[in-house]
Amino acid sequence: MYSIVSTAIIRGIHSLPVQVEADVSDGMPVFEMVGFLASEVKEARERVRAALRNSGCYLPAKRITVNLSPANIKKTGSSFDLPVAVAILTALGIVPQDRLSALMVVGEIGLNGSVQPVEGILPIVAEAGAHGFTNCMVPYANRAEAGLIQDIRITPVKSMAEVIGFLDGTYQKLPLETDDLEAKEDLPIQTSGHEEVYAQTNGAPSAQRCGGNELPDFSQINGQRLVRRASEVAAAGMHNLLLIGPPGAGKTMIAQRIPTILPPMCPQEQLELAKIYSISGMLLREEGIKKERPFRSPHHTITPQGLIGGGLVPRPGEASLAHKGVLFLDELAEFQKATLELLRQPMEEKRIQLSRLYGSCSYPADFMLVAATNPCPCGAYPNMNRCRCTQSAIDRYLGRISQPLLDRIDICVETSQLTYAELTAEDANESSAQIRERVCKAWEQQRQRYAGSGIYFNSQLPADRLKEACALTKKEERYLKELYQQARLSARAYHKLLRVARTIADLSGCAAVNTGHLSEAFCYRSLDRKYWERW
C-alpha cells in the first residue's frame with residue numbers, strides 16, 4: 001500500500017513543505033529511505049523501527065520504501081521521525097489516509113515511542129496555513145511555542161500511542177493545556193505591520209525589579225552627560241554608536257542600558273524574532289516570547305560563523321539574534337579584523353545571505369550596533385603621561401577597526417574618566433522611562449514622515465531622499481558647506497551627518513533642521529579625526 005504524509009523543513013526563517021511517501025509491498029524484507037538525506041535523517045529508520053515495536057506495532061516482513069520529496073532539497077535534522085512513522089502506519093492500514101489531508105506532522109521520536117521536541121516549530125506552524133494546512137501535530141514539549149499562532153489548530157502528542165489514537169479516531173482532539181492557552185492569548189499574532197507600532201508606549205517604570213534585583217536603568221549612571229545624550233540620539237534614529245574611552249569610564253554600563261530606552265516590539269517584530277530563536281533552539285529555553293528588544297553581547301573571541309551565522313547546515317548568528325534590538329561589541333579592537341569586516345554588508349542591507357554546498361538561505365539582521373573600545377592596548381591614550389604604549393602599538397590597535405567599518409557608524413563619542421564629585425553625586429539622574437518617552441515620540445514622527453515608503457528610521461534614509469527630509473535654508477546650507485570643506489568630509493560621512501541632524505531635530509520636535517542640530521551632529525563625528533586622523 002501507498003501513503004503520503006506532509007511535513008516541512010526550515011530554510012532561513014521560512015519553511016518549505018516536504019512530502020513523506022511510504023510504500024509497503026511484497027518482496028525481500030528491507031526498510032529503505034531515499035530523497036537526498038543527511039545522516040541523521042537516514043538514522044530515522046532505526047529509531048522508527050524500534051519506536052513502533054515498543055509501541056505495539058510490529059513491522060511485517062515486507063519491502064518498505066520511504067521517499068522524502070522534493071529530492072533536490074537536502075533533508076537535515078531529526079524532525080522527520082514522526083512523519084516517517086505516520087506514513088508507514090498509514091501504508092500498513094493502521095490509520096486512515098483521509099485523516100492526513102490537512103495535517104502537517106513534525107517531531108522526533110525516541111526508541112521507547114516517546115515524541116521528543118525539535119527546533120524550528122514556530123516558523124513551520126506560522127506558515128502551515130499558507131501551504132493549505134489547518135492542523136499541525138507537534139511534540140508536546142513544543143506546544144506553547146506552536147500555540148503562539150492563533151489561526152492553526154495544534155495537536156500536541158507525547159507518544160506514538162497518542163499519535164495512533166488521534167489518527168484512528170479513538171479520540172478526536174488532544175487539547176492544549178491551560179497554560180498553553182494563556183500563552184496563545186498572550187501574543188495575538190496577526191499580520192499587523194510596522195505601521196501601528198511605536199508611539200503606543202509612553203515609557204516604562206524606572207528601576208524595574210526582577211526577582212528582587214534592580215534592572216539596568218539610566219538613573220544609575222552618574223555624569224557622562226554627552227554619552228547619555230548620544231545614546232538617546234542613537235536610539236531615536238536607530239543609529240550605530242561607538243563609545244571610546246579608558247577602562248572603567250562606564251562604556252559597558254551605558255551600552256547595557258540602551259535597550260531600556262527603546263520602545264517594545266510590535267507583534268510582527270516579535271514573531272520575526274521568535275522565528276529566529278525557534279530555529280536556534282532558544283525559544284524552548286526562553287521564558288515565553290520576547291517582548292523587549294534583544295541585547296546580544298558576544299565575546300571578542302567569537303568566530304565568523306558565530307557572529308553572522310553559518311556552518312555546513314546554516315544557522316543564525318549573533319547578528320540575527322540581535323534582530324530589531326542591540327548588538328553590543330565590547331572591546332571592539334580585540335575582535336578579529338576579518339570577523340568585524342563581515343558586518344559591513346549586514347549593516348547596510350539589514351540581512352545576511354548564506355550560501356552553502358546544499359543551498360542558500362537568508363536571515364534578517366536589522367540591528368543597532370553599539371560598540372565600545374579602549375583607545376590603545378593599555379587604555380590611557382591620549383594621556384601620554386599615563387599611556388605605556390608605543391605609537392606603532394597604538395596604530396596597530398586602532399587599525400583593527402577599518403575605515404569602511406567606521407564609516408558605517410553614525411555616532412562616535414568619548415567617555416571620559418569621572419571626577420570624584422561626579423562619581424559620588426547623589427542628585428537624581430534622568431531615568432530610562434523619561435528618555436524612552438522622548439524616543440517614542442521621535443519614532444512616531446519618523447513613522448508618520450516615511451509612512452508607506454518602507455523606511456522606518458532616519459538611519460535608513462537613502463541619499464536621494466535626504467534633501468526632502470532635511471530641507472535646509474541658505475543659512476544652514478552655508479554652514480554645512482563650511483563643515484564639509486574644513487573637515488574634508490567623505491560623501492558617506494556627509495550623508496550620515498544629515499541623518500543624525502534629522503534625528504536630533506525630531507527629538508527637539510522641530511520640523512526643520514537648523515544649525516544647532518547640524519553642529520551637534522558634527523560633534524558626534526569628530527573622534528574620527530582625533531583617533532584615526534582621517535575622515
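Glu-331 comes out as partly exposed, because its relative accessibility is 27%, which lies between the 20% and 50% cut-offs. Bear in mind that this is a predicted model. You'll find Glu-331 in the loop that runs between β14 (326–329) and α13 (337–341). Its backbone deserves a look too: phi of Glu-331 is near 55°, a positive value in a residue other than glycine. Most residues other than glycine have a negative phi, and most peptide bonds are trans.

Arg-488 is another non-glycine residue with a positive phi, here about 55°. To get there, go to the loop between α20 (474–487) and α21 (491–508). Is Arg-488 buried or exposed? With a relative accessibility of 65%, Arg-488 counts as exposed, since that value is over the 50% cut-off.

Now for the peptide bonds. Which geometry does the bond from Ser-69 to Pro-70 have, cis or trans? That bond is cis, and its omega is near 5°. Pro-70 itself belongs to the loop linking β4 (63–69) with α3 (81–91). Tyr-381 and Pro-382 are also joined by a cis peptide bond, this time with omega at about 15°. Pro-382 sits in a loop as well, between β17 (368–373) and α15 (391–399).

Next, hop over to strand β16 (residues 359–364), where Ser-362 has its place. The relative accessible area of Ser-362 is 18%, so this residue is buried, given that the cut-off is under 20%. What does its side chain do there? The Ser-362 side chain makes a polar contact with the side chain of Arg-351, at 3.0 Å. Leaving aside residues up to four places away in sequence, Ser-362 touches Arg-351, Ile-352 and Gln-353, along with Gly-12 and Ile-13.

Last stop: the voids. Rolling a probe the size of a water molecule over the atoms shows where empty space is left. How many cavities of 30 Å³ or more does the structure hold? There are 2 of them, and the largest cavity has a volume of about 80 Å³. Of the 12 residues lining this largest cavity, those closest to its centre are Met-238, Lys-324, Asp-366, Phe-457 and Gln-460.

Conventions:
Residues numbered from 1 in each chain as written. Predicted model: local features only at pLDDT ≥ 70, side-chain atom pairs only at ≥ 80, totals over all residues. Heavy atoms only, no water. 1 Å grid on protein atoms, 1.4 Å probe; cavity = no way out; pocket = protein on both sides within 12 Å on 5 of 7 lines; lining within 4 Å. Points joined across faces, edges and corners; volume = space filled by probe spheres on them. Helix = DSSP H or I, 4+ residues; strand = E, 2+ residues; numbered from the N terminus. Buried < 20%, exposed > 50% of the residue type's maximum accessible area, 1.4 Å probe, protein only. Polar contact = N/O pair within 3.5 Å; in protein donor to acceptor, adjacent residues only side chain to side chain. Contact = heavy atoms within 4.5 Å.
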